[in-house]
Amino acid sequence: MKNETRAPALFFAPFVSSAMRVEPQWIDYNGHLNMAYYHVLFDRAVDEVFSLVGLTRDYVETRHASTFTAECHVLYKRELTEGDLVRVTAQLIAFDDKRLHYYLEMRHANEGWLAATSENLSLHVDMIDRKVAPFTPDILANLALMKAAHSMMPLPSAIGRIIGMPHRRTIEVEDRAREPETETRH
């Protein structure tokens with residue numbers, strides 16, 4: 001029996017997905033890409049990057065484990081329209097034995113402008129018990145290699161954003177139909 005040596009995975013910083021096209025059926029009544037399909041494009045890119053660390057359909061079938069998205073925060077920066085080609089970059093921000101924190105940017109493939117960003121937290125799940133469980137040692141090793149490559153990149157400024165209204169002066173609406181109350185003094 002021959003000794004097999006597996007070459008370590010090579011990770012680019014950032015990971016860049018294959019080009020993906022905005023499909024005609026994804027366009028909404030506003031004439032641009034419907035928000036749900038930004039998620040489809042991001043998800044396809046995540047499948048590509050996760051496959052590099054060994055998180056594939058085969059992993060689900062043979063090891064009975066997978067990843068579930070626990071949280072996702074998307075910022076829509078610029079409209080995409082029918083036929084636009086996009087690429088998604090991925091940066092692994094952090095990981096532990098059960099979780100992945102990563103950041104994605106969707107850019108127009110030809111012109112390079114930013115269409116959307118997505119910050120995500122995924123959990124590693126035992127598919128038999130349907131509970132969060134530790135990654136296997138080989139996956140953890142691959143994640144460590146990816147994180148080492150991605151740690152050379154600056155943290156994106158959008159990481160950790162909170163949804164909320166900016167603090168501005170309060171808008172007051174006067175009820176013009178109402179008669180002003182007369183003041184009564186006692």
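Here is a short tour of the cavities and the residues around them.

Before you click: the model is predicted, with local features needing pLDDT of at least 70, side-chain atom pairs counting only at pLDDT 80 or more, and totals for chains, interfaces and linings using all residues. Numbering runs from 1 along each chain as its sequence is written, and side-chain values use heavy atoms, with hydrogens and water left out.

A search of the whole structure turns up 2 cavities of 30 Å³ or more. A cavity here is a set of points, on a 1 Å grid over the protein atoms alone, where a 1.4 Å probe fits but cannot get out; lining residues have an atom within 4 Å of a point. Points are joined across faces, edges and corners, and the volume is the space filled by probe spheres set on them.

**Stop one.** Select Val49, Phe50, Val53, Ala90, Gln91, Leu92, Leu100, Tyr102, Leu104, Leu143, Met146 and His150: they line the largest cavity. Color helix H1 (35–53), strand E4 (85–95), strand E5 (99–108) and helix H3 (137–150), the elements that each give two or more residues to this lining. (Helices are DSSP runs of H or I, at least four residues, and strands runs of E, at least two, numbered from the N terminus.) The volume is about 90 Å³.

**Stop two.** Now select His73, Leu75, Tyr103, Thr117, Ser118, Glu119, Ala158 and Arg161, which line the second largest cavity. Strand E3 (65–76) and strand E6 (114–126) are the elements giving two or more residues here, and E6 has the largest share, 3 residues. This cavity's volume is about 40 Å³.

Note on methods:
On a 1 Å grid over the protein atoms alone, a cavity is a set of points where a 1.4 Å probe fits but cannot get out, and a pocket is an open set with protein on both sides within 12 Å along at least five of seven lines; lining residues have an atom within 4 Å of a point.
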